[in-house]
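Hello,

Here is the structure I promised to pass on. My notes are below it.

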Amino acid sequence: MITVDSLTAQYRLGRETVTALDGVSLEIGAGQVFVLLGPSGCGKTTLLRCLAGLETPVEGRITIGGDMLSDAASDTFIAPEDRPLAMVFQSYAMWPHMSVFENVAFPLKAGRRRIAAHEVKARVHDVLDLLGIGHLADRSVTTLSGGQQQRVGLARALALQPRVLLMDEPLSNLDFRLQVELRSQLRSLMHDLNLTTVHVTHNQAEALEMGDRIAVMDAGHVVQIGDPETIYHRPVDEHVARFVGDMNLIPGSVKRWSDGTALVETALGTFTAMTADGVTLPEGATCYFGFRPADAVVPAPEDADPESCISAKVSDRRFQGDRLVFGLSSRGVEFEVSTHHSARLGIGSDLRVHVPPDNAIAVKPSPQARSEDR
Amino acid sequence: MTRPSPIWIVFTGALIGLTFVVLSLAGNVIGSFTSEARFDTFTFDAYRRLLFDPGLPATLMRTLGLGFGTITVTLVFALPFAWLLARTDFRWKTGLFTLMAAKLAIPGFITAMAYVWLFNPSAGLINELAGRTSYTGDALFDVYQLRWLCLLQGLVLVPGAAFMLIPALRNLDGSLEEAARVAGVPAMTTFRRIVLPLLAPGVLAVGVFYFVVAVEMFDFVAIIAPPGDVLVLTIYEALNAVDGLPDYGLAGAAGVLLFALSAGAILFYVRFLRQARKFAVLGGKRRDPGLVRLGKWHRAATAWVLVWMVLTVGLPVLTLIWVALVPFIQPPSMTAMDSVSLFGFLDGLAYLGEPLTNTVIVMAGTVIMALTFATCLTWVVTRSRSRLAPYADALVFLAPAVPAIVTATAFQVMGIAVYEWLPLYGTLWLIMVAMGTRMLAYCTRTMNAAALQIHPELEEAAWVAGLSRWRTFTGVFLPLMAPALFYAALMVGMLAARDLTLPLIMNSAGTPLVSVLIFDLQTNGETASAAAVALYMIVVLVILALTARKLTGMAEPGLESRS
């Protein structure tokens, strides 16, 4: 549906030229919810704005459904208003001098994709009703709550019946409960409408819950693309591992690697761990042995393989409601495990935990240059 | 145990400042109820004469015409300029900024003088060049027209208006435009239906402010008196009656009418602002609007800037230089070239002595007075939480609506009223007090803005750490305000030096200022000397203006910045 090919975008910051996107390529299938995930400054919003036509890439191509939208080489650039897409803004971008109805109707009346005048009213009311805000039609947008404005923004986009919907951090200005509520609503709505969606967020929980596929970005590059499970369980490198969910990363070196399984030597011992598809770890290379605090079995069962167990002292204990997080310390290495809140362990007590190799991962360190860029 | 704090000094300063502001209007009102400068009578005579004058409706219409005509011309230039500077990739931004800052330093009456020399019907240089003066039949141009006043006033007000419009354009949330574009709305429609309505309050604010400025401006009317009165001229003529005493009653009554017109405009604007509040969008992260690429329109933009530059700077300054070089006004020709000499410049220098001293004294006095009281007022309004604060704020907000000519009349009347006890009438001191009062309002407005930028916690930290309010004021507030104070001092000094209205109205023999010297020289037909002194003045003021601009750095913050 959407192809992005070696896209490079820059912007001026004072006298400096900053490269926001550095040769990004990706493909997005029809009907997918595709999430761009990354820390602020990673280029995800710039990529979205390139798709919208709000930024002009200096290199590379963008096509949607085979139509060329932008090609730096041949100086092709379709203006934003002529692209078959719609966008929901982080600020909602409500036009304050118009009512809810007018905000949704204005592009249908005055835009390139205008429809017959007598159809406007029905179209607007249909989409407002779909989003459960039909009763707000005559209100001024400035009197609405954040959640309501967000829905009007979405209504305005959906009313255009776009081929592609772009969403720039649409939930980030809402309070936490509303965010969680809207995530599942949005996801099912996108699937019901079978709408190709590109969704930008820095919130990994939102990305995992909403995305069919996720692209994790860092410093203008796409680091990994995959479905949520793959991204979560098989990160390709340190950056993805750190950014998506909590993960213990214990420095070590590769002792042996073959076919998706690595043996990693660390200060705590030598462990077996998985590697992501497409990752190769040369023998002797520095790497991290990683596992998620929740994946460790606490305490280790009697019959667990001693090769994949770690003995440590409890140095910290944090109660988080549904679970307990223990800070552990062993041979100068600090890491965390989490367990059910009923566990009875005091600070200073000894503990043995089991890290099943299937739930452990070996990752390469992020390239120095990339993390320094930020 | 509390020790008495010297902070009362600040409150006293603020009160004195406010008293002067009140006097600048009250003196005029008191004057309007007197007859023949006698203060022991109370009469409506002046109002009767003013209101039953059959010429009044026409005068009012002309005054309104002057106001609307001027702001139309101003906006035709200021809106595109502000847009070019705030929202586009215009290549000559720095140049345009510098040009506009320098233009602020060319006094309006000098521009007016140059245009009289160029376009007066009997001997204007352009008319002579075209061979069509009123002596040869009909003149090509006749500068003594209301529309010329509108054009010239409008042109000189462009920099101030553009500087006021730039923040409004910069603060416009860029995502509102982007949302329209992405929703398929073409650029022009977006501009018409989204950008313009949202800019309306800002543009209206500038319009109202400059309407007030335009109807009270005396620089141009003093030099280019149009046929038929406008209100400022009514006041001036009442004070400079050909036969007999100044008519303070009539001047006062006309001043009250002029003030009512200004205050009405400002109140209308305040009401509109309250309405416009509902346009404010809640929450959400705003986005800096991106810069528009001008592309092929770049030439058109440059041309429009050049038109303004030629009309307001090029033409007047060239005219001044030419007129200063020749003994009497004549178009450039071979014979004229023979008579070129530096006589005007030398002669002007000879005249400068006393007026220059006087001007420097008035500048210094005005700066000291305006800054002292404005600092106190700013502190009271933004920091003290005193019950006085909202009243002080409101008064200072309305003070610019008091026309200069009204302030001048008011202090003249007060000067006469207290002459027996305090003989300030006819001295530099009274001019200084009047000018200081006028600048006080201007200073307080800019300094309040600066004070609000300084986080109150900086002072609270000192206060909580055991420093008295007075020590906090002198040790934290004043040093933090220093850049704003310095900038205000330069601007006030510049505005004081170039002002013609107050000295012209209040000047009695014996205390000429440079601005009045230029006016007198040109009235007496000593054009070469008048032009030479005007050029001296412009050079000094341009240096002041450019220094002030360099100091602030406010002129062009992050032209290409992008979050």
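This is a predicted model: local features need pLDDT of at least 70, side-chain atom pairs count only at pLDDT 80 or more; totals for chains, interfaces and linings use all residues.

Residues are numbered from 1 along each chain as its sequence is written, with chains lettered from A and ligands numbered from 1 in the order in which they are written.

**Sheet, chain A**

Six strands form an open sheet in chain A, in the order 7-8-9-3-10-11. Pairing is mixed. (Strands are DSSP runs of E, at least two residues; helices are runs of H or I, at least four; both are numbered from the N terminus. Two strands pair if DSSP finds at least two bridges between them.) Strand 7 (85–88) and strand 11 (221–226) of chain A are the edges; each has a single partner strand, so one side of each lacks a neighbour in the sheet. The twist averages 20° from one strand to the next.

Strands 8 (164–168) and 9 (196–201) of chain A pair in the parallel sense, over 5 bridges. A:V164 has A:T196 of strand 9 as its bridge partner.

**Helix pair, chain B**

Helix 5 (108–119) and helix 14 (298–325) of chain B have axes that come within 9 Å and cross at roughly 70°. (Axes are lines fitted to C-alpha atoms, for helices over the stretch in contact; angles run from 0 to 180 degrees between N-to-C directions.) That makes helix 5 of chain B roughly perpendicular to helix 14 of chain B (65 to 115 degrees).

Best wishes

Terms used: Angles under 35 degrees count as roughly parallel, over 145 as roughly antiparallel, 65 to 115 as roughly perpendicular and the rest as oblique.
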